[in-house]
Amino acid sequence: MLRSLLLRRPSPSSFSKDKLQRSVHTFTPDIDSLLGQCSNFKHIYQTHAFMVSRGLDQDNLLISKFVDACSINGLFGYGHSVFAHKTHPNIYLYNNVIKALSQADSAQLAVSVFNKIQHAGLRPDTYSFTFVLKAITRLSAIRLGRGIHSQVLRIGLQINSNVVTALIQMYSYHGFATEAYNLFEEMPYRDLIMWNAMIAGCVKVGDINKARDLFELMPDKNVISWTALIAGYAQINQPKEAIEIFRRMQLGNVVPDEITMLAALSACAQLGSLDMGKWIHGYIEKHRLYRIVPLNNALIDMYAKSGNIEKALEVFNDMSCKSIITWTTMIAGLALHGLGIEALDMFYQMERAKIKPNEITFISLLSACSHVGEVEKGRWYFNIMSSFYGIKPSIEHYGCMIDLYGRAGHLAEAMELLKKMPFEANGAIWGSLLAASRIHGDTELAEVALDNLLMVEPRNSGNYMLLSNLYADVGRWSEAGMVRKVMRDEGVRKMPGWSFIEVNSRVHEFIAGDKSHPQSEKIYEVLCNINWRCKLASFE
């Protein structure tokens, strides 16, 4: 089809130069058709040749469309090279090229093209600034962004909604929430896109309270508004609030999309809310939402963390396209359930599928080895990640290995690795050594671990309790009492235990000694009854 369209056009000899210029518009439908069918470099090249042979490669509108086609096919460099040979490009063409480059890994080139606009005697418009600010956001170049902001003020576009929204996104991305909020506040009119950008900006910098305040003040909300807040709560480990907003969204008859479901599933995974996760899965199936790979990954993660590893495996096996995150999530889920052998087998399948593991994959693998006490396999994986896969071990990998050695009773090897690693041991590593010391009755190592933990986590009551319990286990009651006395003297309070339970798709949180639950009286009545029955049973 593409070839027939190319061949049926008359030769350039049948047109005079003036006639060609007057007749450019007659070629536009055919060019549009050709560009719409381009799906690879050969098609792009043929279409370009068609345009050049007919003198159409100097038409701003057609070249703009050609650049768009190059962008769609990922041929950003080719599109830019064609633009570079264009004489007297207009602002529309400049904007299209900046837009295309800002979407690729050519953000620096996009800025360079923007800088040429004024040198060409043109004036950047609202689209020019919007597109170049997106490029600057990708570059993480805040100084450059401030320079563009100055140009916006100089040209007088500081109250243009699109430009200000792009500036808010740029400042928020770089962590400058105050500047972003000041721009938002100074606007006499704020459209829905700007409100969403400001909420997303607050979420980006971790200011969920400001995001919530803005959300409640919004005159209108769409699915993006709701999703931003749900994702914000999920990102800072406040899943109950995320689910609460998701429920409000349902009551407001706002139709969720794939990204909303992704955020809600993340919250369900954190809570272990299996019923809500199942409902979301059912909604996805019923409404035929597009099963993007991240959405399937979230379903696997939710089912694994909510206790249904069989369902997680079912979702995994039903996927025709699996990413590295898919495999890693499944391996981590199996390890979480203590299925270390199955997790290692999953890694073998991953290798056979020619999927290259990443840093997180090896953390999951080492965790799986730790669960089943596979010291030799763990050591082998730790070594090949750098020697074969070229992945430099991070402190998390060293922590997994130290935990593996500690659980298996190889405490001397654990300490040796700790001393050799090129990182300062953190609380998690010393904590795992302290726990291993209690399991294997090594009070000397426990004391060393606690001394170091007191330096990095001086207010963590759990560390004191572990050592106190270790002394009690070996009958050293005076030392156990001394540890508790130190806790009192230092003002370290034991953190109360807490738990979640899901009833009728609602997650209830309980904290030891807390009576804030609306049904606390009935709960304590049942607990007392259970306690009484246990005492009766002990006398029988």
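**Close-ups of two helix pairs in a predicted model**

**View 1. Where α6 touches α7.** On the α6 side, Phe-76, His-80 and Phe-83 make the contact, and they meet Leu-93, Tyr-94, Val-97, Ala-100 and Leu-101 of α7. Sort these contact residues by class and you get 7 nonpolar, 1 polar and no charged. Bear in mind that this is a predicted model.

**View 2. How α6 and α7 lie against each other.** As for handedness, α6 and α7 cross in the left-handed sense.

**View 3. α14 alongside α16.** This pair brings together α14 (residues 208-217) and α16 (residues 239-251), packed at an angle of about 10° with 14 Å between their axes. That angle makes the two helices, α14 and α16, roughly parallel. Look for Arg-212, Phe-215 and Glu-216 on α14, which meet Glu-244, Ile-245 and Arg-248 on α16. The class count for this α14–α16 contact is 2 nonpolar, no polar and 4 charged residues.

**View 4. Stepping back to the whole protein.** Overall there are 31 helices and 2 strands. The chain has 540 residues, and 44% of them count as buried. Take the contacts with a separation of 6 or more: 59% of them come from residues 24 or more positions apart.

Methods. Residues are numbered from 1 along each chain as its sequence is written. This is a predicted model: local features need pLDDT of at least 70, side-chain atom pairs count only at pLDDT 80 or more; totals for chains, interfaces and linings use all residues. Side-chain values use heavy atoms; hydrogens and water are left out. A crossing is left-handed if the near helix is turned anticlockwise from the far one by less than a right angle, and right-handed if clockwise. Helices (H or I, at least four residues) and strands (E, at least two) are DSSP runs, numbered from the N terminus. Contact means heavy atoms within 4.5 Å. Ala, Val, Leu, Ile, Met, Phe, Trp, Tyr, Cys and Pro count as nonpolar, Asp, Glu, Lys and Arg as charged, and the others, Gly among them, as polar. Buried means under 20% relative accessible area, exposed over 50%, partly exposed in between (1.4 Å probe, protein chains only). Axes are lines fitted to C-alpha atoms, for helices over the stretch in contact, and angles run from 0 to 180 degrees between N-to-C directions. Angles under 35 degrees count as roughly parallel, over 145 as roughly antiparallel, 65 to 115 as roughly perpendicular and the rest as oblique.
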